[in-house]
Amino acid sequence: MGAMRNANAKHVDFGFLKGMFPNPRELPVNVDMMMEKNHCFIVGEWKKPKETLSKGQEIMLMRLAARRNIHVIIIEGSSDDTECYVNKVEEMHKDGRLQELGTGKEFLQNLMKAWHAYACSQRNK
């Protein structure tokens with residue numbers, strides 16, 4: 001695939017922060033995909049089949065989705081240096097409800113193009 005800046009990058013382990021907050025289970029979460037254009041954001045979380053959002057991710061993404069000009073999508077699939085597949089793309093609504101938008105890598109590519117066109121139209125607004 002080749003677009004990652006460091007294909008060997010590992011996920012950040014936030015375990016070193018355990019116990020620092022009143023709720024001992026409270027830790028940062030990571031985000032798989034984020035893009036900004038003209039104060040518009042799209043945030044994507046990739047999950048492999050049968051993998052679920054953690055409660056912390058769900059809360060964070062739902063609160064982001066509730067904000068103006070932030071679109072949150074959940075992508076079931078995988079993209080790495082060996083393969084890319086997209087089984088399902090869902091949009092997270094303000095209330096946390098997920099709506100299936102489509103399937104396939106081409107669908108996701110077209111969705112990203114449409115989001116980019118929308119974001120470009122927001123210039124000077």
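Reader: How many positive and negative side chains does the protein have, and how far apart do the centres of the two sets lie?

Author: Lys and Arg are counted as positive and Asp and Glu as negative, with His and the chain ends not counted, and each charge is placed at NZ of Lys, CZ of Arg, CG of Asp or CD of Glu. In this predicted model, the protein carries 19 positive and 16 negative side chains, and the centres of the two sets lie 6 Å apart.

Reader: What pLDDT does the protein average?

Author: The pLDDT is the predictor's confidence in each residue, from 0 to 100; here the average is 90, and 92% of the residues score at least 70. Local features need pLDDT of at least 70, side-chain atom pairs count only at pLDDT 80 or more, and totals for chains, interfaces and linings use all residues. Residues are numbered from 1 along each chain as its sequence is written, and side-chain values use heavy atoms, with hydrogens and water left out.

Reader: In which order do the elements run from the N terminus?

Author: Helices (H or I, at least four residues) and strands (E, at least two) are DSSP runs, numbered from the N terminus. The protein has two helices and five strands, in the order β-β-α-β-β-β-α.
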